Amino acid sequence: MTYQHILYGTADGVATITLNRPEKLNALNERMLDEIRAALDAAKAEREVRAVLLTGAGRGFSAGQDLSDRAVRPDEEARDLGATLDRAYNPLMRRLRDLELPVVAAVNGVAAGAGCNLALAADIVVAARSAVFIQAFCRIGLVPDCGGTYWLPRLVGAARARALMLLGEPLSAQQAAEWGMIWRCVEDDRLMEEATMLARRLAEGPTRGLALTKRALIAASDNGLDAQLDLERDLQREAGFTEDYREGVAAFLEKRAPRFAGR
Ligand code: T3D
């Protein structure tokens, strides 16, 4: 696929996807959502890619749905937004959930609406100190989507999620980190260095084991303890047969750093 609205590149085992409509704060349109999905598929298909880094060009991460595609004249029927979720947003969120690679989001600026929940769907979120997170949906009469109503209460608790979603006020990166909504808030000029280092470190990790961990954590949101213990058993069985596990144990016993091959 030729990318118009994102940049895609790979280096050191990391596929970097940069949302690239900076003049619109990387507002999302259908083409861009298709491109992000295609880029995730490309990352998955490339053997040497073992982690994904998602960020935005310019001063924003993403301002959510491009509202200039949503202007409705009084004489027009409003479009069926459920259909857009079915066609474009939900497949992307499911792709991210199912991707067996760790995803780091480097939130370089405002993350609003679907842009906010896209960032929160990453496995590890690092944000620049100047970034803000806005559940902007209520400001325009919509419902939070992209899994926000699922993930946000689990990340910050019901009371904070409710207020964020009903008030639509900006939450600073610092506060988001203090609330456990994101992993870390860093100085603006350190963001890309920190996020890239993190993604590279993950790319050198035991990729299968990390993917299985991701699967366990996602399932834990719905499972009871018994189901989760059974799942951990099954996933541990699988991890125990990987080359990386052998290498991890050998490296420990030989008192050296492991060299994980991602298999
Ligand atoms: O529709 C469906 O399919 C359903 C799914 C919905 C998912 C959603 O994401 S709904 C929520 C949509 N997003 C918003 O409501 C946020 C709208 N944007 C803002 O509230 C503000 O722009 C921000 C708080 C994000 C940033 O404010 P600020 O003051 O830093 O920047 P700005 O001046 O408002 O924006 C800069 C430019 O980006 C500006 O263009 P201009 O005037 O310089 O030509 C602005 O119009 C444009 N822009 C920002 N957000 C969007 C946008 N253009 C289109 N769509 C946007 N979402």
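Helices α8 and α9 pack against each other in this predicted model. Helix α8 spans residues 207-220, and helix α9 spans residues 225-240. Their axes come within 10 Å. They cross at roughly 170 degrees. An angle over 145 degrees counts as roughly antiparallel, so α8 is roughly antiparallel to α9.

Which residues of α8 and α9 meet? From α8 come R208, L212, R215, A216, A219 and A220. From α9 come Q228, L231, L235, E238 and A239. By class, this contact has 7 nonpolar residues, 1 polar residue and 3 charged residues.

**The ligand**

Next comes the ligand. How many residues surround the ligand? The count is 23. The closest are A63, Q65, L67, R70 and A114. By class, the shell has 12 nonpolar, 4 polar and 7 charged residues. Helix α2, residues 81-98, gives the largest share of this shell, with 3 residues.

How much of the ligand's area does the protein cover? On its own, the ligand has 1,100 Å² of accessible area. The protein covers 66% of that area.

**A loop residue and its contacts**

Now look at A136. Where is A136 found? A136 sits in the loop between strand β8 (132-134) and helix α4 (148-156). A136 and G113 are 23 residues apart in sequence. In space, their C-alpha atoms are 4.8 Å apart. Leave aside the neighbours of A136 within four places in sequence, and A136 is in contact with A112 and G113.

**Positive phi angles**

L25 has a phi near 50 degrees. That is a positive value in a residue other than glycine. L25 is found in the loop between strand β2 (14-19) and helix α1 (30-45).

K255 has a phi near 55 degrees. This too is a positive value in a residue other than glycine. Where does K255 lie? K255 is in the segment after helix α10, which spans residues 243-253.

How values were computed
Residues numbered from 1 in each chain as written. Predicted model: local features only at pLDDT ≥ 70, side-chain atom pairs only at ≥ 80, totals over all residues. Heavy atoms only, no water. Axes fitted to C-alpha atoms, helices over the stretch in contact; angles between N-to-C directions. Helix = DSSP H or I, 4+ residues; strand = E, 2+ residues; numbered from the N terminus. Parallel < 35°, antiparallel > 145°, perpendicular 65-115°, else oblique. Contact = heavy atoms within 4.5 Å. Nonpolar A, V, L, I, M, F, W, Y, C, P; charged D, E, K, R; others polar. Near = heavy atom within 4 Å. Areas by Shrake-Rupley, 256 points an atom, 1.4 Å probe, with all protein chains shown as cover.
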